[in-house]
Amino acid sequence: MSKVAIISGSPSASSRLNGLLQTIKGELEQRGAEVHAIVVRDIPPEDLVYTRFDSPAIVEANRLVESADAVIVATPVYKASYTGVLKAYLDLLPQKALSGKVTLPLAIGGSSAHLLIIDYALKPVLAALGAEHQLQGVYATDSHVQRGEDGSFALDDEVTERLRQAAAKLAEAIQSK
């Protein structure tokens with residue numbers, strides 16, 4: 001069984017990014033993957049800010065990344081880039097933490113104007129962490145994800161299909177590793 005770690009870089013518990021992550025997690029689980037989430041906002045802020053490499057939360061998150069065959073790095077767009085909390089966690093990963101792993105970047109922003117965040121912001125930092133096999137990322141806008149009053153999310157058909165295709169490519173890349 002393949003293992004996938006999802007790193008969620010949203011500082012908000014109600015982020016529309018969660019709709020993307022729920023969908024891709026379900027798609028991967030249907031393909032037999034064991035999926036674990038690292039929700040960066042749940043890591044104690046002091047551990048992130050003071051770079052406490054030895055904190056139990058950081059050690060556990062890094063263990064999930066280390067044991068994964070693939071890593072999904074997901075973020076909402078803040079100031080035309082990935083979030084600060086995501087960067088704070090990525091700085092706590094070992095230098096080559098993504099070496100030998102398939103990676104998939106996901107991002108969501110207010111408009112299509114930030115589409116290139118994946119290529120110009122996320123992919124370079126993932127490469128610096130050793131990611132050699134980066135799949136084409138998935139970018140969505142807030143209008144693609146509707147938030148229900150009960151906290152649920154509904155994605156439009158186009159984004160759902162792109163996430164299905166990304167999950168299929170991720171599962172295929174893991175198998176061919």
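This is a predicted model: local features need pLDDT of at least 70, side-chain atom pairs count only at pLDDT 80 or more; totals for chains, interfaces and linings use all residues.
1. Ser10 sits in the loop that links strand S1 (3-8) to helix H1 (17-30).

2. Is Ser10 buried or exposed? Ser10 is buried, because its relative accessibility is 1% and the cut-off for buried is under 20%. Leaving aside residues up to four places away in sequence, Ser10 touches Ser15, Leu17, Arg41, Pro76 and Val85.

3. Now over to Leu92. Ser10 and Leu92 are 82 residues apart in sequence, and their C-alpha atoms are 17 Å apart in space. Leu92 is one of the residues touched by Asp47, and the others are Arg52, Ser55, Ala57 and Ile58, again not counting residues up to four places away in sequence.

4. Asp47 itself belongs to helix H2 (residues 45-49). With a relative accessible area of 8%, Asp47 counts as buried.

5. Have a look at strand S6 (residues 138-141) next. It is covered on both faces: Val138 and Ala140 are buried on one side, Tyr139 and Thr141 on the other. S6 runs parallel to S4, and four bridges join the two. Thr141 in S6 is the bridge partner of Gly109.

6. Leu115 is partly exposed, at 46% relative accessible area. Together with Leu116 and Tyr120, Leu115 forms a nonpolar patch on the surface, and the three share about 350 Å² of accessible area.

Terms used
Residues are numbered from 1 along each chain as its sequence is written. Side-chain values use heavy atoms; hydrogens and water are left out. Patches are made of residues with over 30% relative accessible area and no salt bridge: like charges are joined within 9 Å, nonpolar side chains (Val, Leu, Ile, Met, Phe, Trp, Tyr) within 5 Å. Accessible areas come from the Shrake-Rupley method with a 1.4 Å probe; for residues, only the protein chains shown count as cover. A salt bridge is a side-chain nitrogen of Lys or Arg within 4 Å of a carboxyl oxygen of Asp or Glu. Buried means under 20% relative accessible area, exposed over 50%, partly exposed in between (1.4 Å probe, protein chains only). Two strands pair if DSSP finds at least two bridges between them. Contact means heavy atoms within 4.5 Å.
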